[in-house]
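Let's walk through this model together, one question at a time. Have the sequence and the coordinates open as we go.

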Amino acid sequence: MTFTAAEQAAMTRALELAATPAVPMVADTRRVGCVLLADDGSTVAEGHHRGPGTPHAEADALARAGDAARGTTAVVTLEPCNHTGRTGPCTEALVAAGVRRVVYAETDANPVAAGGRARLEAAGIEVEPGLMAAEADALAAVYRLAQREQRPFVTWKFATTLDGRSAAADGTSRWVSGTAARRDTHRLRARCDVMLVGANTVAVDHPRLTVRDDHDQPLEQQPLRVVMGERDLPDHGLDLQLRTRDPHAALAELFALDRQHVFLEGGPTLAAAFLTAGLVDEIVAYVAPVLLGSGRAAVADLGITTIAGALRPRVTDVTVLPGVEGEEPNVRITMTPTTPTMTPQGA
């Protein structure tokens, strides 16, 4: 397989487009990006999938290119689909547009959408698969778990002091983490389609649970904001209340609503419930250089009585987030539970 430098750069860009923040997803859709290249390696147009029922990445890029799409190379993160679902086949759109060559990262394992490469080659289009396949595979991790387990992927995020406290003894928790960590949290929130907290967190903290930019302005697309618990919360101000304490039941209900990725940001009790149920797929901890000595723990009792029984997640990334406006740096640690159901998407 031979790929040009321009194609490699275009695939990097296509993966960035595929990961566009706060794009609404449902359980059977994928994040896909596409870049159209002219013969000289310049970009003609870009596109990405914006959620269920919207044009796929290829169709989006082709529409933006218009007649200039003829003779281009389409660089796509996923093999173009060859079926009619909510939208038409991407293969037919590429053929009709006169695309000369298609380079894609990952072969589509979905049997319903398969056959894209064969259809394109039958139409005389040159096809080269496998460019940056590992990177595309990581991007699809959430989708694959949702398909296999028939439940959303769960990322548990928490901020903690050096001694494991998420709040002081008087209950105050603003701000345990620094500005850079909070901004990074919004970046992670934007990957997800559900923000989930417990009833006590809502009653005490009244969180907005929105995704905001570095200027504290909300993004156009927002995840579903959900509170879980049996307590009556008539004025919770969120989108949905799941009246259950069972994490399995909560995830089943969210999956029935076509949700793929839950961002768990509730208190220690909710975190403990998901951990003990084996329903946390990724852990993201922000550790601040702060000592409290007492206060609320980041996670409630897990029923562990000996060091031999400790949960020991595997560290997949450690990043130091520089302090902002004189603040001390925070450390972001991304982890996978030690008995993971899949490879995590990563931070």
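Q: Which residues have the most contacts inside the largest nonpolar core?
A: This is a predicted model, in which local features need pLDDT of at least 70 and side-chain atom pairs count only at pLDDT 80 or more, while totals for chains, interfaces and linings use all residues. Residues are numbered from 1 along each chain as its sequence is written, and side-chain values use heavy atoms, with hydrogens and water left out. A nonpolar core is a set of buried Ala, Val, Leu, Ile, Met, Phe, Trp, Tyr and Cys residues joined through side-chain atoms within 4.5 Å, where buried means under 20% relative accessible area, exposed over 50% and partly exposed in between (1.4 Å probe, protein chains only). The largest such core has 24 residues, and those with the most contacts inside it are W156, L196, L254 and F274.

Q: Which element gives the most to this core?
A: Helices (H or I, at least four residues) and strands (E, at least two) are DSSP runs, numbered from the N terminus. Elements giving two or more residues to the core include strand 6 (153–160), strand 8 (194–198), helix 9 (247–256) and helix 10 (268–276). The most, 4 residues, come from helix 10.

Q: Which residues is F274 in contact with, leaving aside its neighbours within four places in sequence?
A: Contact means heavy atoms within 4.5 Å. With those neighbours set aside, the partners of F274 are V154, L196, M228, P247, L251, L264, L279 and V280.

Q: How many residues are in the second, separate core?
A: Look for L62, A65, V76 and A97, which are among its members. This separate core has 20 residues.

Q: What is the angle between the planes of W156 and F158?
A: Rings of Phe, Tyr and Trp (its six-membered ring) pair if their centres lie within 6.5 Å; planes under 30 degrees apart count as stacked, over 60 as edge-to-face and the rest as tilted. W156 is buried at 5% relative accessible area, and F158 is buried at 17%. Their rings are 4.4 Å apart centre to centre and count as stacked, with a plane angle of 25 degrees.

Q: Which side chain makes a polar contact with the side chain of E265?
A: E265 sits in the loop between strand 11 and helix 10, and counts as buried at 15% relative accessibility. A polar contact is a pair of N or O atoms within 3.5 Å; within protein, one must be able to donate a hydrogen and the other to accept it, and residues adjacent in sequence count only if both atoms are side-chain atoms. At 2.9 Å, the partner is R189.

Q: Is T185 buried or exposed?
A: T185 belongs to helix 7 (residues 179–189). Not counting residues up to four places away in sequence, T185 touches K157, F263, E265 and Y286. Its relative accessibility is 6%, so T185 counts as buried.

Q: Where is E325, a residue other than glycine with a positive phi?
A: Phi of E325 is near 55 degrees. E325 counts as exposed, at 78% relative accessibility. Its place is the loop between strand 14 (314–321) and strand 15 (330–336).

Q: Over which residues does pLDDT stay under 50?
A: pLDDT is the predictor's confidence in each residue, from 0 to 100. The protein averages 89, and 95% of the residues score at least 70. The stretch under 50 is residues 340–347.
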